[in-house]
Amino acid sequence: MTGRSPEGVIFIPFHFAEAAANTLTDPRLDKRAKIPDFKVCAVQVRKTVPPARPGAETPLTDRGAIKDPVGV
């Protein structure tokens, strides 16, 4: 938990095409707006073991992936 999202909430950025978060969300349409209801959907979270990747043990801040860490 990071403190940025309340307990019970999962955040997935929609901005990046390579993340394709819309493919994970519910395909239902919002009844009033008649657009996809991407903002709220149920999820099931399971712990997994990621495949080994060279450099994965290096913190994201050291790899330049996080430019402005929260709380620093």
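Does I10 count as buried, partly exposed or exposed, and at what relative accessibility? In this predicted model, I10 counts as partly exposed because its relative accessibility is 47%, and partly exposed covers the range between the 20% limit for buried and the 50% limit for exposed.

## Overall make-up

The protein contains one helix and zero strands. Of its 72 residues, 3% count as buried. The accessible surface comes to about 7200 Å², and carbon and sulfur atoms hold 58% of that area.

Contacts between residues at least 6 apart in sequence were also sorted by separation. Among these contacts, 12% join residues at least 24 apart.

## I10 and its contacts

I10 sits in the segment before helix 1, the helix that spans 60-63. Once neighbours within four places in sequence are set aside, I10 is in contact with V43 and V45.

The pair I10 and V45 is separated by 35 residues in sequence. In space, their C-alpha atoms are 9.4 Å apart.

## V45

V45 is likewise placed in the segment before helix 1. Its relative accessible area is 62%, so V45 is exposed, the cut-off for that class being over 50%. I10, at 47%, is partly exposed.

## The nonpolar patch

Which residues form a nonpolar patch on the surface? The patch is made of I10, I12, L24, V43 and V45. Together these residues have about 480 Å² of accessible area.

The patch includes I10 and V45, along with V43, and both V43 and V45 are contacts of I10.

Notes: Residues numbered from 1 in each chain as written. Predicted model: local features only at pLDDT ≥ 70, side-chain atom pairs only at ≥ 80, totals over all residues. Heavy atoms only, no water. Helix = DSSP H or I, 4+ residues; strand = E, 2+ residues; numbered from the N terminus. Buried < 20%, exposed > 50% of the residue type's maximum accessible area, 1.4 Å probe, protein only. Contact = heavy atoms within 4.5 Å. Areas by Shrake-Rupley, 256 points an atom, 1.4 Å probe, with all protein chains shown as cover. Patch = residues over 30% accessible without salt bridge, like charges linked within 9 Å, V, L, I, M, F, W, Y side chains within 5 Å. Salt bridge = Lys/Arg side-chain N within 4 Å of Asp/Glu carboxyl O.
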